[in-house]
Amino acid sequence: MLHFNAPPVVKAAAGDEDVYKVLILDRHTKDILAPLLHVNELRRHGVTLHMLLDADRQPIPDVPAVYFVQPTEAAIARITEDVQRGLYDSFHLNFSTHLPRPLMEKLAAGVVAGSAAARVAKVYDQHDQFLSLEGGLFSLGLPDTYLQLNDPAAQDTQIEAAVSEVVERLFCVLATLGVVPIIRCPRGGAAEHVAAQLDAKLRDALAGRTSLFAEGGAGSGLAASLQRPLLCLFDRNFELSVVLQHAWTYKPLVHDVLAMRLNRITLPDNGAAPALPGAAAAKKSYEVDDGDFFWSGHGREPFPKIAEQVEVELGKYKQAIEELNRKTGSHIDPLADPNDIMKSSTRNLMSAVSSLPELTERKRVIDKHTNLATALLKQIKASRDDRQLDGFYSLEEDCLANKADCAAVCRQLQQPVGTPADKLRLALVWLLTCESVPPEGECQQVEGLLAAAGADMAAWHYAKRMRRLNLTGKQQPGSASVHEGLSGFGGSAQSQLTSLLGTTFGQGLSSLTKGVKNLLAGEQQAAVTVAMEALMDGRPSPDTDAYATFDPKAPAGRAQRPAGPFKEALVFMLGGGNYLEYESLSCWASRAQPAAKRIVYGATELLAGEQFLQQLSALGVKSGAAPAPAPA
């Protein structure tokens, strides 16, 4: 798209771009590009300036413009105005999804009326209406879908609009991958409704004169296989507990605790100069993605292991610097700022010019994850005023393995640690994973402790009503791994962990986290993982035999149950997913026998535990399960 929808021309040197252009985005497409391209990468593709569509922009008459926007009435009106004013030399218009014919005609009429049709070079439907976060992870960027689809007061038109938006964006995912999958889903509910509409949309595309799926995907591993993949759709009610439970591995912890969004984490900048009175506190942002060697290499490891890996990577960096010292005959402080290293002693470092940029980037990544691990430790450390997330995590794992009873949950709720939301999440995991609906006496005991802690009881009452009506999926016994040695911090850990907050990087992060129990993690078998194992293997299973099957390439109404085994699959969670579920699927897929599987996981949105609590709370009020909050 940045090269006018033609293959990029390979230049002699990086950044040697003949055609410079401006990039015009709207707020939605800006989010699409944010996890994929940084500003310096845009420049390498000849983009000298990027601006928002609704901003006040000045004419740049001799430069072509690449537009990437949603196909809306407002966008078409603004583009028409830009073309008529001749803001740029030529206009390459790219829409994130299909541009409807009425809007196309409105655009054509507008540019013709302004005698400016010659300025419009090309118009493209990009089918990119989703957020690609990792090679195997995507989000549709649709907030509060669970709330919309389960709202008892929602009109049929509202439900249909929400489903249609999901179908349109899922279609974009498949068009980008260049695959027409076989679709499976549990019968009944929103997942089957989405599957039926997606099946119809794929049939229309295959019957069209120009098929989006004729040439395969744009370099996708899924499209490279001769066997068609599975697309398995699940409703969030299939398993609620996995979205609520606490995590102990690195990626899920960062997402849940540090509010990661679009692969970016924003933290207070403790090293910044004091702000002026009344000014907002200084903040610093960190980006993590597939290009981050530490994030991709250690994201599934338990949190205490992360500190050890930071030390290992620092040791490798020191060795590399020492090797440079030996080769160049100069001395470089291994803990010095990499920018200072680059500036010092240019003559002596000429032989090391090619390796210093890589080392600079490596040190930057190590520093980044040191800061992230420190921020996590502030939430986990054993202190009366902090959350002690390991205690909640270990007890929730016991709930999943049917090893925890009401008494154990109540003891944890009585502890003066954790936020009200942490305690509510624990109670809900217990409620949703019990073999049968807990007796009313036990529920009242838990409710009293939650109310005393200041928890929002609307979410609890809604989940309890759903459990009694048997509307939520319950994880089967044995589907979750049984972890051993699940215990909290040692008594000596508090002073060590507290001291970390004032230490420097070079003093050693791992030595300060030795009080944190190395809980086994990363082996969780979420309910969706158990279902996918049966679906991809194609073996008979009482839980999946009744799943509906849709095959857009088969005659209508004649889809046959597909024969396995399958090597590749897309898993989509309608109503929101999270990194813990993604991790469960990825771990199983990488270890599947006789050969590893390839899984792409997606959801309408990626939810942290407290975000999902807010939707449950709103449903509690809307459904009448809980009274509306009193006005402030």
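I take the expected span of a helix as 1.5 Å times one less than its number of residues, and I take helices from DSSP as runs of H or I with at least four residues, numbered from the N terminus. I note that this is a predicted model, in which local features need pLDDT of at least 70 and side-chain atom pairs count only at pLDDT 80 or more, while totals for chains, interfaces and linings use all residues. Residues are numbered from 1 along each chain as its sequence is written, and side-chain values use heavy atoms, with hydrogens and water left out.

Helix α16. I looked up residues 420-433, whose 14 residues should span 20 Å, and I found the end C-alpha atoms 20 Å apart, which agrees. I then checked burial (buried is under 20% relative accessible area, exposed over 50%, partly exposed in between, with a 1.4 Å probe and protein chains only). Because 13 of its 14 residues are buried, α16 is largely enclosed by the rest of the structure.

Helix α13. I found Lys363 in this helix, which covers residues 356-380, and at 5% relative accessibility Lys363 counts as buried. Leaving aside residues up to four places away in sequence, I see Lys363 touching Tyr317 and Pro338 (contact means heavy atoms within 4.5 Å).

Charges over rings. I used the rule that NZ of Lys or CZ of Arg must be within 6 Å of the ring centre and within 35 degrees of the ring normal. Arg362 lies over the face of Phe293, 4.2 Å from the ring centre, and the charged end of Lys21 sits over the ring of Phe4, 5.2 Å from its centre.

Technical notes: Helices (H or I, at least four residues) and strands (E, at least two) are DSSP runs, numbered from the N terminus.
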